[in-house]
Amino acid sequence: MDSEDVIWMKQVNEEQAIAVIEKVPMPLDRNGGNGSRPMIATDKLPIAKYVTNDQRIAEEKFLAKKEAEVERRYTGIRGWFRIVHVSAVIGKLALYLYLDQYEMHRKGQLRHARERMKTAERLTRAAVYGEKLYGIRLWFFHKIMLLLRRIFLGGELNREANQEKQAVWLKEKLIELGPTFIKIGQSMGTRADLLPLPFVIALGELQDNVPPFDNEIAFARIEKELGRKINDVYKEFELKPVAAASLGQVYRARLHTGEEVAVKVQRPNLEATIKGDLEILRKVADFAERFPQLNENADWSGMLREFNETIHEEMDYAAEGQNAERFRASFSNWQNVHVPRIYWNATTSKVLTMEYIHGTKVTDLERLRTQGIAPEKVNRLLIRTYLKQLLEDGFFHADPHPGNLLGSDTFSRCR
């Protein structure tokens, strides 16, 4: 399952709970439930009225133009500006994190200096003098780091507030840099062991709350992928995406047969975006590998290869649908687990249509309790499902972060 999976939970009674597993992000509306905005008839959409050959050709040219604009970011002078932009963001983030953990780095430096001095004392007097000069250099470096820490992190009283500002800055920069870096930010947002809490909270918003791309592009993508007019496939469509994530965005719609569905559409020319950004990151990694101190516990090239492989797997929505059906088969005998259905007649590698589930975000504890859903029961059910996934199936939901967890108090509506 990929990083945009969603799980709904419902407590039925003291001993049983209901889980629903879906593969699209579903945020809440202001009333705490998802998908309450009205939909409009698709035959009223302007794009549905493009029926002549000239209009369809113009539609395809429009989509091709928008995708070409994405690719041009990585060529010529724009490409060099992007390298500088990416390098600046990475460098500033590395400085933030280094300063935040500076006490630990300082202890390591002093320990290393003592070991060097012991070795020098066994050698010559010149070696000892050399280590004393090294100690002076460390002292100056220490003073500079303390000054930078005061500037960027502030004192003990305002450090948390400054980190919150830095976390918002990082989130906004990642959104500005686009899908590749939003995806990296999503992964970073789950690492509370590596990042300060304000960063984890801010980056957590990247799971399903990033700026969407234009409806015109999304609808043109749907028609090109499915080979049919949008009103031939869907009866109604919600114009505002219910969620936007790194690789695509999700709309709520209704089929002509009456089923309410979630339609996930991939961002324009995602392949070129990922390819261009990975090339930039490879150049940054090659530069970092020149400095051993930056690579003590990190295989940057290996991580980029792994990232390249996994993100291309997530870009294949048809494979995602197949994973969902495999998951559905794994839990077919569980009355308290429901995996939404995939509609293959409206699914391709770049468009995914599946059953839509209404629910409440699982981190909204107050609303869950008003619905009679006990968080501890949800946790127990999650543990049971994961024991089955890991020990019996060998196939598991790999990203159960809060953005992927919703609760439903009406299981009959989820089936």
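Strand 7 and strand 9 (residues 351-355) pair in the antiparallel sense over 5 bridges; pairing requires at least two DSSP bridges between two strands. Strands are DSSP runs of E with at least two residues, helices are runs of H or I with at least four, and both are numbered from the N terminus. Val263 has Thr353 of strand 9 as its bridge partner. The model is predicted: local features need pLDDT of at least 70, side-chain atom pairs count only at pLDDT 80 or more, and totals for chains, interfaces and linings use all residues. Residues are numbered from 1 along each chain as its sequence is written, and side-chain values use heavy atoms, without hydrogens and water.

Strand 7 also pairs with strand 6 (residues 248-255), in the antiparallel sense over 7 bridges. Here Arg252 stands opposite Ala262. The hairpin of these strands has 4 residues between them, and Gly258 takes a positive phi near 105°. In strand 7 (residues 260-266), 7 of 7 residues are buried (under 20% relative accessible area, with a 1.4 Å probe and protein chains only; exposed is over 50%, partly exposed in between). Glu260, Ala262, Lys264 and Gln266 cover one side, and Val261, Val263 and Val265 the other.

Ile383, Leu387, Leu390, Leu391 and Phe396 make a nonpolar surface patch of about 530 Å². Patch residues have over 30% relative accessible area and no salt bridge; nonpolar side chains (Val, Leu, Ile, Met, Phe, Trp, Tyr) are joined within 5 Å, like charges within 9 Å. A salt bridge places a side-chain nitrogen of Lys or Arg within 4 Å of a carboxyl oxygen of Asp or Glu. Leu391 lies in helix 14 (residues 375-393). Leu391 counts as exposed because its relative accessibility is 69%.

Notes. Areas by Shrake-Rupley, 256 points an atom, 1.4 Å probe, with all protein chains shown as cover.
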